[in-house]
Amino acid sequence: MKVLLSKPGLDGHDVGVKVLAYAVKDAGFEVAYSGLRKSIEEIVEKATDIKADVIGLSILSGSHLILCEKMRDVMSKSGLTIPWLVGGNIPHGDVDTLINLGAAAAFPTGTTVEEVVHYLKEIE
Amino acid sequence: MADKENNAVHKKKVTLESGIEVKPLYTREDMQDSEADKSIPGQYPFTRGIHPEMYRKRPFTIRQYAGFASPEETNKRFKFLIENGQTGLNVAFDLPTQCGLNSDNPRSLGEVGRVGMSVDTLDDFEIAFDGIDLNKITVSLTINGAAIVLMAMYFALAEKRGYDVKTLRGTAQNDILKEFIGRGTWIFPVDPSVKLVVDTVEYCANHVPKYSPVSVCGYHIRESGANPVQEMAYAFCIAKTYTDETLKRGIDIDEFASRLSFNFDIYGNLFEQIAKFRGGRRLWAKIIREDYNAKNDKSSWMRMIAGGGGGGLTKEQPENNIIRSSYYALISALSGTQTMALCSYDEAYTIPTEKAAELSLRTMQILIHEMGICDTVDPLGGSYYVEALTDRLEKEIREEMKTVKKMGGMVEAVASGKIQEKVSHQAYDRELGIQNGEIPKVGVNIFQKDEDPKPVEFHKYNADAANYQIEKLQQIKAKRNEEQVQSCLEKLKADCMQNVNLMPTVIEAVKAYTTVGEIIHVMKDVYGEYEEPIFF
């Protein structure tokens, strides 16, 4: 399974997403990373190009709702049907909203790297 | 039974994060080759502090990070902090401003005013600093990629208000090399990015001599996964890069070195941090005097802001962070810091509330006024352990600086992504260490308790305020002299291509109310944008 980890928006906090990338790799998955400050369009395009099986969005600036609305729109336009996940600084109260926007899972603040890896193993 | 346990404790190896082994006992013998005995505060190489009397004469400056949404709200918060005894301001900017984008840029959607103050034109600075005497309070601008523009705005504001910029004090973070390692608000490729920093250093040396144009940040490098030795070593290599480039402009070392300052992280082992600062301060003094032949002692001062340690704070049992931050404040004071800022206890999961920010302020005030921390200089000086560790840290930092040289120097090490790869892998190792309990964290992997997840709160994103900011921008654009703006931008493009110092033209441009986004856009046209090395 190929996982594309990405940093949408302007947020520059990338320690968490890089730590996750190592963990996902160690768990035996193939990992690609978008780099910082990509638009949702660029991320979806990259997922298509590299034939990713799942997309992870890492957002810590608080703009997850706005960015995930955009994700829903761009995904539906692209016709890509792979699952996408959100993590970072996500309030527990926003999880349901994110799921309703189409996220397969939303990992709120305090989620461990192990929990995300476990989730990926389950959907593999 | 108790004896057996004690024995076990004695036999257990204790290794600091920097890889240094700690003995159960230190004695006079551990200080035999130490420079400690000769060390006098206020005298080269400044191990015991850069001033002879340190806090006895004046306590460290308290400078909490603040900046909210609109310039109007920021102005209110500044006044609140000043009324409560804060002596310096530390301005946070929103992400569009930090990345050089205007509020009405589509990429700014949802980010305007979110993590700090939104700035499009000089008008925003005029609002934010209204009623604040720039000579009475020192302002620190936390800006990097777009620093040249925001510094230009600050100088333009001061000039417009009739201050003599020759006496203007303040600090800009303006350390772009660390942005490539951590924090991530880079804009241009590495070489032109460094060139812009040097433009500001050169300009300040010639025109705004009391201003500190760069605060080199080990802080974010440490937060990204570096250990304490690497934090200091990489920061020094970065500072040396700016120094080397400034010297190439024909400016004497003593004309600018004293205006370079540092921003460091605190979390981790108490004594390792103190020794890191004392050893680092001694090493930096030697580098500036021995490698650069500085004549003025002030040039070799390692002036710093320290106190925060976000990486040490936890979302679990967040009240514990109040205790952690109190220790960080103590460490920072025992290390002879010039300025202190603490992370607020709720910062691990939210933008600090006013109450939490006030607690940070009170923590520092209690330390200054109740604990006797200011009574005598470098109270740990002469401790066998601290002095031995100080010597060791100095040596280790010097060694680590050589590894950067082996990577081809700091610019190359950052452009190739080698440093980023190294520290991010260490961050992963640290995460594993916390997961498996090797690195004890109270409330996380020991002494946990069941608790409800903490409500994560962001400052409520105020779409109305964002729209108001965009409206204001449009009004300014309609009011300003468009011809003047365009001619400034053309001049700027020509300056970029001719490789001259951009600062004078940027100052002219901001005075004409040219926007941050317009200025950065012209620079991008000439310099291009940084392409992040991906190592997965």
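Student: How many salt bridges are counted between chain A and chain B?

Tutor: This is a predicted model, and the count between its chains A and B is one salt bridge.

Student: What makes Arg107(B) and Glu42(A) a salt bridge?

Tutor: Their closest N and O atoms are 3.5 Å apart. The cut-off is 4 Å between a side-chain nitrogen of Lys or Arg and a carboxyl oxygen of Asp or Glu, so the pair counts as a salt bridge.

Student: How many residue pairs are in polar contact across the interface?

Tutor: The rule finds nine residue pairs, with both residues at pLDDT 80 or more. On the side of chain A that touches chain B, H1(A) gives the largest share, eight residues. By class, that side has 14 nonpolar, twelve polar and nine charged residues.

Student: What area is buried between the two chains?

Tutor: About 3,000 Å², of which carbon and sulfur atoms give 64%. In chain A, Leu10(A), Tyr22(A) and Arg37(A) lose the most area to chain B, together 26% of what that side buries. The contact takes 35 residues from chain A and 37 residues from chain B.

Student: How do you know that the span of H16(B) is close to the expected one?

Tutor: Helix H16(B), residues 418-435, has 18 residues and reaches 26 Å from its first C-alpha to its last.

Student: What covers the buried residues of H16(B)?

Tutor: The cover includes H1 of chain A, together with H6, H9, H14 and H15 of chain B. Among the buried residues are Ile419(B), Val423(B) and Tyr428(B).

Note on methods:
Residues are numbered from 1 along each chain as its sequence is written. Chains are lettered from A and ligands numbered from 1 in the order in which they are written. This is a predicted model: local features need pLDDT of at least 70, side-chain atom pairs count only at pLDDT 80 or more; totals for chains, interfaces and linings use all residues. Side-chain values use heavy atoms; hydrogens and water are left out. Contact means heavy atoms within 4.5 Å. Buried area is the accessible area (1.4 Å probe) that two parts lose on being put together, summed over both. A polar contact is a pair of N or O atoms within 3.5 Å; within protein, one must be able to donate a hydrogen and the other to accept it, and residues adjacent in sequence count only if both atoms are side-chain atoms. Helices (H or I, at least four residues) and strands (E, at least two) are DSSP runs, numbered from the N terminus. Ala, Val, Leu, Ile, Met, Phe, Trp, Tyr, Cys and Pro count as nonpolar, Asp, Glu, Lys and Arg as charged, and the others, Gly among them, as polar. The expected span of a helix is 1.5 Å times one less than its number of residues. Buried means under 20% relative accessible area, exposed over 50%, partly exposed in between (1.4 Å probe, protein chains only).
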